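I opened the model to look up a few local features and keep notes on them. The entries are in the order I took them.

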Amino acid sequence: APVANPEIKISVAAEQWRFIAYLSFWGMVAYAIVLSKTLVTPYLAAGPSDGSTCGPFNRDSPSFGVSPGKGFDFSTQSHLQELFGFANICANWDYSPSRELTAMVYPLFEYSLVVYLCLDFMATAIAHKRGDLEEWFWNFSKVTFPVCVFLCSQFRMIFVCIAYENVQHHTAGFLGLQIVLILVAVQNTLFIWDSNTVYKQLGGITNTRRAALAYLIANLIVSSIKIKATIFVVMNGFGAPWTLEPSILPGKCVGQLVDLIWMIFNALLPLLIA
């Protein structure tokens, strides 16, 4: 029989979707790593059977140990390794068939992140109406929300713009995701500060604010360096000279160290905090 006043109530938690989004990202990365090791590495090492110089076998760089139409080692001679001095996580989906197969599972990350962004914005709007947030934070959220949704939707271009054909366009998609993850981390930290959120594990509001401020300052410092390096690649098509210099970690260049620290602050810690 018809119900007089039908309604459906669904309870959702924005932070659960943030956890799902970041978990999906690392799941996608793990999946791509398996593909690169099992399918891509032997394919690139064998080289084209007909000596074709198309696709990834088009380089002529004797100093780097690669020749047109010849195979090369994925771990030490990838295109990103030559340009950046190291291979970041993107290298795991740069080559077929990993690129196509990873693109098929990528929507799990994109859609869950967009869902989180929408739910987080709604939660912020409700908190603002309750009077828990100041006007400046609400205005900040209204600006960052559409920016994050748009840039998140454009990260898929890393699968369209192939790294070994146009590294600038390829990196531009990753730059957009970097900005999204930074804005999400910054906004969540500012929310804690503005709403006087307390983590009992930290011993009260004073220590919560100290931890939030320390995380925010450290993240902004490393993120500014990371964004600067990425913009250089987008503008020039190769890694900035300073990123190729040896770092304090043996066997790792400065760019790789910055990339590692940035990933911890913006892709790993948010997963644990959520």
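I am working from a predicted model.

I looked up how helix 4 (residues 98-130) sits against helix 5 (residues 135-154). I recorded a packing angle of about 165°, with the axes 10 Å apart. Angles over 145 degrees count as roughly antiparallel, so helix 4 is roughly antiparallel to helix 5. I also noted the handedness: the crossing of helix 4 past helix 5 is left-handed.

Which peptide bond did I find to be cis? The bond running from serine 96 to proline 97 is cis, and its omega is near 0°. I placed proline 97 in the loop between helix 3 (79-84) and helix 4. For asparagine 196 I read a phi near 60°, which is positive although the residue is not glycine. Asparagine 196 belongs to the loop that lies between helix 7 (167-194) and helix 8.

I found a nonpolar surface patch of about 630 Å², made by Ile248, Leu249, Leu260, Ile261, Ile264, Leu268 and Leu272. I checked one of these, leucine 249, and found it in the loop between helix 8 (205-236) and helix 9 (254-273). Leucine 249 has a relative accessible area of 32%, so I list it as partly exposed. Patch residues need over 30%.

Key. Residues numbered from 1 in each chain as written. Predicted model: local features only at pLDDT ≥ 70, side-chain atom pairs only at ≥ 80, totals over all residues. Heavy atoms only, no water. Patch = residues over 30% accessible without salt bridge, like charges linked within 9 Å, V, L, I, M, F, W, Y side chains within 5 Å. Areas by Shrake-Rupley, 256 points an atom, 1.4 Å probe, with all protein chains shown as cover. Salt bridge = Lys/Arg side-chain N within 4 Å of Asp/Glu carboxyl O. Helix = DSSP H or I, 4+ residues; strand = E, 2+ residues; numbered from the N terminus. Buried < 20%, exposed > 50% of the residue type's maximum accessible area, 1.4 Å probe, protein only. Axes fitted to C-alpha atoms, helices over the stretch in contact; angles between N-to-C directions. Parallel < 35°, antiparallel > 145°, perpendicular 65-115°, else oblique. Left-handed = near helix turned anticlockwise from the far one by under 90°.
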